[in-house]
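Dear colleague,

Please find below the structure that I am handing over to you, with its sequence. My notes on what was found in it follow directly after.

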Amino acid sequence: MGLAKTLYLIIPCYNEEEVLPETSRRLTEKLNALIGAGKISDRSRMVFVDDGSKDRTWEMIEELHRTNPLIDGIKMSRNRGHQNALYGGMMTAKAHCDFAISLDADLQDDIDVLDQFIDRFYEGYEIVYGVRSSRKKDSFFKRFTAQSFYKIMRLFGVEIVYNHADYRLMSRRAMDELEKFGEVNLFLRGVVPLIGLKSCTVTYERQKRFAGKSKYPLTKMLAFATDGITSFSIKPIRLITSLGLLIFFVSIAMLIYFLIVYFLGKTVSGWASTVISIWAIGGLQMMAIGVIGEYIGKIYLETKNRPKFIVEKYLRTQEEEN
């Protein structure tokens with residue numbers, strides 16, 4: 001294996017005061033075990049990234065940093081969302097590590113498989129995806145919506161790893177390549193596979209959240225899915241074009257039908273067909289305007305070229321600078 005490499009754990013946090021004490025304890029034990037086994041260097045750290053939390057998350061990170069040499073902290077200037085916080089954490093810390101692993105603060109991602117992540121890295125893999133082995137512990141609704149999300153993404157041509165969230169290992173080289181992607185609307189699950197470096201997967205069983213509440217309710221999940229589709233595929237616009245052509249040909253068929261009925265001398269009330277046509281075409285037009293507007297809005301934000309993140313504070317252990 002050679003000289004042990006430096007690992008940074010990147011952990012985005014938003015209002016996570018309830019889980020930080022237990023999370024930091026478990027990760028400290030895990031990092032010490034990995035260091036003791038010679039798998040990673042003693043310069044390895046966990047980095048909690050505060051994404052503009054409104055509770056005591058940052059104050060707790062500061063306290064943990066003061067008392068635990070394995071803990072660093074990054075404070076974003078404002079809340080920009082999970083993807084931007086994760087990206088900002090990696091881009092800020094990548095100069096100090098050989099590889100990084102991103103995971104959620106609630107530790108639903110099984111940290112016991114970190115050993116497998118690290119083994120794959122030493123085998124030469126630049127990117128290692130954590131993939132859930134099953135969704136038996138999810139509710140029916142959660143399982144149905146999650147599976148539908150991945151299927152829809154693939155249907156629209158988005159290259160995405162099935163049952164993979166943001167539990168992944170990336171080498172410094174992979175993070176350098178990720179930095180070259182300039183889009184402001186980040187959807188890392190779609191961007192990372194585009195890097196194209198040597199990759200593999202590691203399966204694990206996702207645990208139940210041990211404290212606090214999920215930061216991804218249904219509304220956020222729907223917005224997240226919409227961002228993913230519109231950031232990587234123009235198929236929704238093409239679908240609208242196809243529907244428009246279909247309605248056009250249906251209207252021609254209906255015109256021919258009504259002409260035939262007229263010349264045959266049969267009376268047609270036409271009320272139901274007229275109302276249904278108006279509502280159907282009107283709904284399609286509104287949907288088309290909405291989809292096109294979504295794309296125009298993304299173009300508008302991209303042209304501004306605003307920064308994806310702004311770091312307000314970066315707490316680093318003094319030993320790291322020696």
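The protein chain exposes about 17100 Å², and 60% of this area is supplied by carbon and sulfur atoms. Please bear in mind that the model is predicted. Of the chain's 322 residues, 44% count as buried. The protein chain contains ten helices and eight strands. When contacts between residues at least 6 apart in sequence are considered, 84% of them join residues at least 24 apart.

Strand E5 deserves a look of its own. This strand spans residues 127–132, and six of its six residues are buried. Cover is present on both faces: Ile 127, Tyr 129 and Val 131 lie on one side, while Val 128, Gly 130 and Arg 132 lie on the other, and all are buried. Two strands are joined to E5. With strand E6 (residues 164–171) E5 runs antiparallel, joined by four bridges; here Ile 127 stands opposite Met 170. With strand E7 (residues 199–204) E5 runs parallel, and six bridges join the two. Thr 203 in E7 is the bridge partner of Val 131.

Which side chain of opposite charge is nearest to Lys 308, and how far away is it? It is Glu 183, at 6.8 Å. A salt bridge requires a side-chain nitrogen of Lys or Arg within 4 Å of a carboxyl oxygen of Asp or Glu, and Lys 308, although buried, has none. Leaving aside neighbours within four places in sequence, Lys 308 is in contact with Arg 80, Asn 84, Tyr 87, Phe 181, Gly 182, Glu 183, Val 184 and Leu 186. Glu 183 is thus both a contact of Lys 308 and the nearest side chain of opposite charge.

Finally, two residues other than glycine have a positive phi. Asn 15 has a phi of about 55 degrees and is placed in the loop between strand E1 (7–13) and helix H1 (20–36). Leu 107 has a phi near 55 degrees and is found in the loop between strand E4 (99–102) and helix H4 (114–122). Are these two residues buried or exposed? Asn 15 counts as partly exposed, because its relative accessibility is 23%. Leu 107, by contrast, has a relative accessible area of 5% and is therefore buried.

With kind regards

Note on methods
Residues numbered from 1 in each chain as written. Predicted model: local features only at pLDDT ≥ 70, side-chain atom pairs only at ≥ 80, totals over all residues. Heavy atoms only, no water. Buried < 20%, exposed > 50% of the residue type's maximum accessible area, 1.4 Å probe, protein only. Contact = heavy atoms within 4.5 Å. Areas by Shrake-Rupley, 256 points an atom, 1.4 Å probe, with all protein chains shown as cover. Lys, Arg positive; Asp, Glu negative; His and termini not counted. Pairing = 2+ DSSP bridges.
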